[in-house]
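Please look over this structure with me. My notes on it are below, point by point.

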Amino acid sequence: MRLTLGQRLWLGFGLLIALIAAAYVYVLREEMQPAPQADATATEAVRVAVGQLQAALETVTTAVQGYARNGGEAGQDAIVQARADFERALAELEKVATGEVQRAQLQDLSQRFDAASKQADEAVSAVDAFAQHTAAFERYRAEAATLIAQQPPIAGRPNRGRTLRKQNTVRELNAQLRARASEYGARAGGAAPQSNPSRTAMLANVERYEVLSDSRAERDWAARARAWIDQGEQQWNALTAATAAQRQTSTAAQEAHESLQSFLVNQVQAGMSADLEARLEGLSARVQHERTRTQRLLLGLLALTALIALLTVLAVRAPLRRLAAMTRPYVDSDLSYQTFTLRGDETGELTAAVQWLIGRLQAPSADGAPPVVADAASTRALQAFEQTRQPLAVLDANGQVAQVNTAFGELAGHDPAALRGMHIDRLWSDDHHDPASIEAMWSFLQEQGEWQGELWIRDSADNVHPLWGNLSRVRDESGTCVGFVLTCSDVTMIRMAERQSLRSAAAGAPLSDAGMLAQRLRAGSSRARRYGLRTALLHIAVAQLEGVDRILGREEADALMKVAAQRLQRVMRGYDAILRMADDQFVVLLEDIGDAEQVRRVAEKILAEFSLPVELSGLELPLHAKIGIALAPDDGAAEELPGAAKDALARAGQTRGAAFAFFSADLNQRMWGNHALETELRRSDLEAQLALHYQPRVIAVEGQQMVAAQARLRWLHPEHGVLTPERFLGAAPADVVARLDAWQIEHACVQLAAWTNAGAGAVPIALEVLAHRPEANELSTVLQSALLRHAVAPRLLELEFPVSTLAVADQCERLFAPLSAAGVALTVIIDEVETFTASLGLLRRLPLVRVKLDCTLVEGIARGATEQAVARATLTLARSLGVELVADGVETQAQSVFLRTEGVLQQQGALFGQPAPAPALEVHRVQAVAGERSPALL
């Protein structure tokens, strides 16, 4: 019997399937996997259990050692938790242990652990007892100062000699009490006991005072003094005994845990390892045997598969040739060719199917439209996306381009394929969009689901085009954001019309397009409210136009306004709106402004540009201007802003010469004050009025020791007095701030050199970098030059950077790397908790030495539990960086105690001394270098 083409193909496929099924059944029958898998699971379980037991024991040892050093409820909880982890790990190991020897070793290990736990409990009790005796001893020492302070006043008596003897007795007794308290403090610090003054001499003075006492208060005070003297050696002996007990029990607990660790490693783990090795060898042998059998089976299966495939190809080769010969006329576009079909032959069936398809292609549908394919809706949508002239872009959830149409590619000047995978923010112009505005756009989009506003795109030829963009968020069925759709409208023609308006204004034609101005005002005010920005309207009046028109004529007046318009165009940004509202007046619209200080600088640039003389009819005339400024939303809504700017212009008109004025009186006063300060900051003799004051940083324990000095920049203004950076830094431009940073680094090095040359040694000086975004190369060059010029050790200088001023990661690393390589200590000030939390990943990569808690956070500690919780959480995050902690702005004992409780011992603030010139710290600096402590600082 002759088989057809299909029957031959089915026969070949059937043989292949039967062969694969037979191999699968063979594998199942041989049970190749269960035994090795079970052995591997058991082996891995033993290995994991031993590792967990060893890790738990190390945790127990660490917890006991930690409690011996620090104590506290947290330490006790850590010991309890570590013991529970060890017992849990021991129970898991007992479950998977197989041999009797292993079970016996684990039983012995459990008993040893119980014994070590008892030793640890004794050590914990000794630590608690030592803490109690230490507290009692410190209270006893503090009673000396209280006793001296509460000594009753000595009333004068007719017998003057008796009064003088009593005064001398009291003075000598108080000196002895202070000396005795200092001696006990020295003993606690490790010094040998000196017993000076002696107990007998002190009691003799007490008895002499009792004899001379004239009142019950004096006799009671003498009794208290006698009781304090009698308790001295008792308190010291109790503290000494507690210290010895703590040391002895801690040593015993440490030895017990070391012995337990040795037993676990040398006995239990060694036995488990030997058993594991034996089981692994058996497992390896079985796996190797099964691998060999599997390889042989697969080789046989491969050979049979190749044979069956070869036979199938040979069987269908001839029918396929015949089919190809019959379909060749169709390839040559001869649709009239007819083939003869054979009943029961697939060749004939395929021929019939091809003819039916040709008929469908030749026959039109009922409505004359071409046939519709299965995915016609998707095809039409894709065609519409590609062919529309409106620029469209589809972004993924990360803001990267997934697909753009041809119009968007033409607008961006890139091939659409080259844009795929690029982040959309890379297309925006840096001159028109700063990082803050872009971040605000994405934040608003994530919150509201849609954003619209003006965008400026920079194409491949470095040309900038204005767009009106609409970003919409796309969600899936579960509500998760899966991407964004960006639709754009090219508003280049609108901007060109505005420029044409400017040119018309420059030519002298009056312009008053109130509709366009209102539209831009509404859009700018709306965007300002959303993103926390401002929109400014500047109403500018040219003062000389009327006089030029009257004296020189209309043509010269038009030439004057043309010059004014050209100068405005030079000062303003490319997308700022400039309109001529009357013969002698312009209106300038500034959008996306950060603060009023930025508007003030723009007004000053305009006045500076207008101050240059203009040549008209052979005469040089000054070009003065008055500027009225209104801000939205501060001074009202969009429709109220023009009136506010006119009122501000009227206020500016009351000043002689060129001037500007804000609508808000308070803001106007503050901006003019900043203007005056900025002018003075640019003076060449500014450095002569600057000074560095120093504030001590101490170890905030009894008898504070100064460990560093915080440099505070001060401007000794001849009129306003001593000004802090908070008063004048906002008015200082970037170049002046960099100049201030260089000055304070230079003078800090001068002071360090002076202290070093004085012979007593220097304490480190910490100073805060004032620049908001310091240049890495410039700051490093200034620092290294100052250190080298004054021969100052780099370790004596500390630079502090507020966390709110840190830029992106690569900029921070470029800034910190050369400074750290120079050897100076680097500190980050936590002035904003949110920024600090968001920057933890960056801070971990920076070479920091300290983290300082800003005074704003320290100030809130006394307000209540909420602020304390914020400070405690911030300190916990800061402690995770593994650096020293410092607190600034400590003003009360309550704040200091809270910070000490949280482990912040280095503190500075008004409680320990106000900023003062360097000579005020001289005594404390000498004591700090000598390692001495003083009861109080400034």
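The points below run from the whole chain to single residues.

1. **Model and overall make-up.** This is a predicted model. The protein chain holds 30 helices and 21 strands. It has 938 residues, and 41% of them count as buried.

2. **Contacts and surface.** Take the contacts in the protein chain with a separation of 6 or more: residues 24 or more positions apart account for 67% of them. The accessible surface is about 49,000 Å². Carbon and sulfur atoms own 55% of that surface.

3. **Largest nonpolar core.** This core has 76 residues. L797, F801, L819 and L899 touch the most other members. Helix α22 (residues 734-757) gives the largest share of the core, ten residues. A second, separate core has 31 residues, including L568, M572, A596 and L631. As background, nonpolar side chains in soluble globular proteins tend to be buried together.

4. **L797.** Which residues does L797 touch, not counting those up to four places away in sequence? The list is A748, C749, L752, I765, L767, L783, L787, V824 and A825.

5. **I745.** This residue is found in helix α22. I745 is buried, with a relative accessible area of 1%; the cut-off for buried is under 20%. Leaving aside neighbours within four places in sequence, I745 is in contact with L767, L779, V782, L783 and A786. The C-alpha atoms of I745 and E768 are separated by 9.7 Å, with the two residues 23 apart along the chain.

6. **Helix α29, buried side.** In α29 (residues 893-901), Q895, S896, F898 and L899 are buried. Seen down the helix axis, the buried residues of α29 fall within an arc of 165°, so they line one face.

7. **Helix α29, other side and end.** Which exposed residues sit on the face of α29 turned away from its buried side? They are A894 and T901. G903 follows α29, and its phi is positive, near 90°.

8. **Leucine patch.** A nonpolar surface patch of about 480 Å² is made by L304, L307, L310, L311 and L314. Of these residues, L310 has its place in helix α8 (residues 232-331).

Technical notes
Residues are numbered from 1 along each chain as its sequence is written. This is a predicted model: local features need pLDDT of at least 70, side-chain atom pairs count only at pLDDT 80 or more; totals for chains, interfaces and linings use all residues. Side-chain values use heavy atoms; hydrogens and water are left out. Buried means under 20% relative accessible area, exposed over 50%, partly exposed in between (1.4 Å probe, protein chains only). Helices (H or I, at least four residues) and strands (E, at least two) are DSSP runs, numbered from the N terminus. The arc is that of the directions from the helix axis to the C-beta atoms. Patches are made of residues with over 30% relative accessible area and no salt bridge: like charges are joined within 9 Å, nonpolar side chains (Val, Leu, Ile, Met, Phe, Trp, Tyr) within 5 Å. Accessible areas come from the Shrake-Rupley method with a 1.4 Å probe; for residues, only the protein chains shown count as cover. A salt bridge is a side-chain nitrogen of Lys or Arg within 4 Å of a carboxyl oxygen of Asp or Glu. Contact means heavy atoms within 4.5 Å. A nonpolar core is a set of buried Ala, Val, Leu, Ile, Met, Phe, Trp, Tyr and Cys residues joined through side-chain atoms within 4.5 Å.
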